[in-house]
Amino acid sequence: MDYDTFKLIHSELIMSVQYIEQDLKLIYSILKGGEFHDNYSNVENVPLGKILKSLHEMDQELGYSKFKEKDYELLDKIREMRNYWCHQCYIDFHYIEDPQEHEMAFQKVAARLHEDEWCVYELQQRLEKLRKSVQKKYRHKKRIP
């Protein structure tokens with residue numbers, strides 16, 4: 001993979017993770033008791049790990065069963081992936097001075113990016129469908145936009 005392609009795919013992966021995070025916040029805000037807008041303002045600036053924990057606790061307490069335990073495990077893996085791609089990936093090759101070692105390290109990170117992009121994209125598509133389904137089901141009950 002070349003560097004320009006890497007940057008493009010990296011950007012798309014981060015975009016998908018942002019969609020996942022936002023969809024989780026919307027799903028949580030819809031399913032939680034009370035007013036949607038109040039619920040959303042409480043989680044609007046909450047990090048991914050915290051919204052996952054809150055959603056999981058609410059799911060266990062109320063039994064919505066929108067996610068299975070393996071889904072929560074995958075979502076937590078996505079959180080870890082996001083942390084790597086936002087905070088570490090470029091560091092894993094940028095500071096290597098030897099050109100051959102730099103290229104080898106870059107290609108190793110690029111291979112990981114290629115694997116993670118599909119995992120994240122597929123999950124993002126599933127969550128978007130779930131969010132739309134939940135919005136449609138609860139729209140009239142909770143005045144959801």
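Student: Is Cys86 buried, partly exposed or exposed?

Tutor: The model is a predicted one, and the answer is to be read with that in mind. Buried requires a relative accessible area under 20% and exposed one over 50%. Cys86 has a relative accessibility of 38%, so Cys86 counts as partly exposed.

Student: Which cysteine has the sulfur closest to that of Cys86, and how many disulfides does the count give?

Tutor: A disulfide needs two cysteine sulfur atoms within 2.5 Å. The closest cysteine sulfur to that of Cys86 belongs to Cys89, and at 8.1 Å this is too far for a bond. For Cys119, which is partly exposed at 21% relative accessible area, the closest cysteine sulfur is that of Cys86, 15 Å away and again too far for a bond. The closest partner of Cys86 is thus Cys89, and the number of disulfides is zero.

Student: Which residues are linked by ring pairs into a cluster with Tyr90?

Tutor: Tyr90 also pairs with Phe93, with 5.8 Å between the centres and 50° between the planes, which makes the pair tilted. Phe93 itself counts as buried, at 3% relative accessibility. Ring pairs link Tyr90 into a cluster with Tyr3, Phe6, Tyr84, Trp85, Phe93 and Phe106.

Student: Which residue has its charged end over the ring of Tyr84?

Tutor: Tyr84 is among the buried residues of helix 4, as is Trp85. The charged end that sits over the ring of Tyr84 is 3.7 Å from the ring centre, and it belongs to Arg112.

Student: How far apart are the end C-alpha atoms of helix 4?

Tutor: Helix 4 covers residues 69–87, which is 19 residues, and at 1.5 Å a residue it should span 27 Å. The distance between its end C-alpha atoms agrees with this expectation, being 27 Å.

Student: What arc do the buried residues of helix 3 cover around the axis?

Tutor: Helix 3 (residues 48–62) has Leu48, Ile51, Leu52, Leu55, His56, Met58 and Asp59 buried. They lie on the same side of helix 3 and pack against helix 1, helix 2 (36–43) and helix 4, whereas Lys50, Lys53, Gln60 and Glu61 are exposed on the other side.

Student: What share of the contacts in the chain with a separation of 6 or more comes from residues 24 or more positions apart?

Tutor: The chain has six helices and zero strands, and 41% of its 145 residues are buried. Among the contacts with a separation of 6 or more, the share from residues 24 or more positions apart is 72%.

Technical notes. Residues are numbered from 1 along each chain as its sequence is written. This is a predicted model: local features need pLDDT of at least 70, side-chain atom pairs count only at pLDDT 80 or more; totals for chains, interfaces and linings use all residues. Side-chain values use heavy atoms; hydrogens and water are left out. Helices (H or I, at least four residues) and strands (E, at least two) are DSSP runs, numbered from the N terminus. The expected span of a helix is 1.5 Å times one less than its number of residues. Buried means under 20% relative accessible area, exposed over 50%, partly exposed in between (1.4 Å probe, protein chains only). Rings of Phe, Tyr and Trp (its six-membered ring) pair if their centres lie within 6.5 Å; planes under 30 degrees apart count as stacked, over 60 as edge-to-face and the rest as tilted. A charge sits over a ring if NZ of Lys or CZ of Arg is within 6 Å of the ring centre and within 35 degrees of the ring normal. The arc is that of the directions from the helix axis to the C-beta atoms. Contact means heavy atoms within 4.5 Å.
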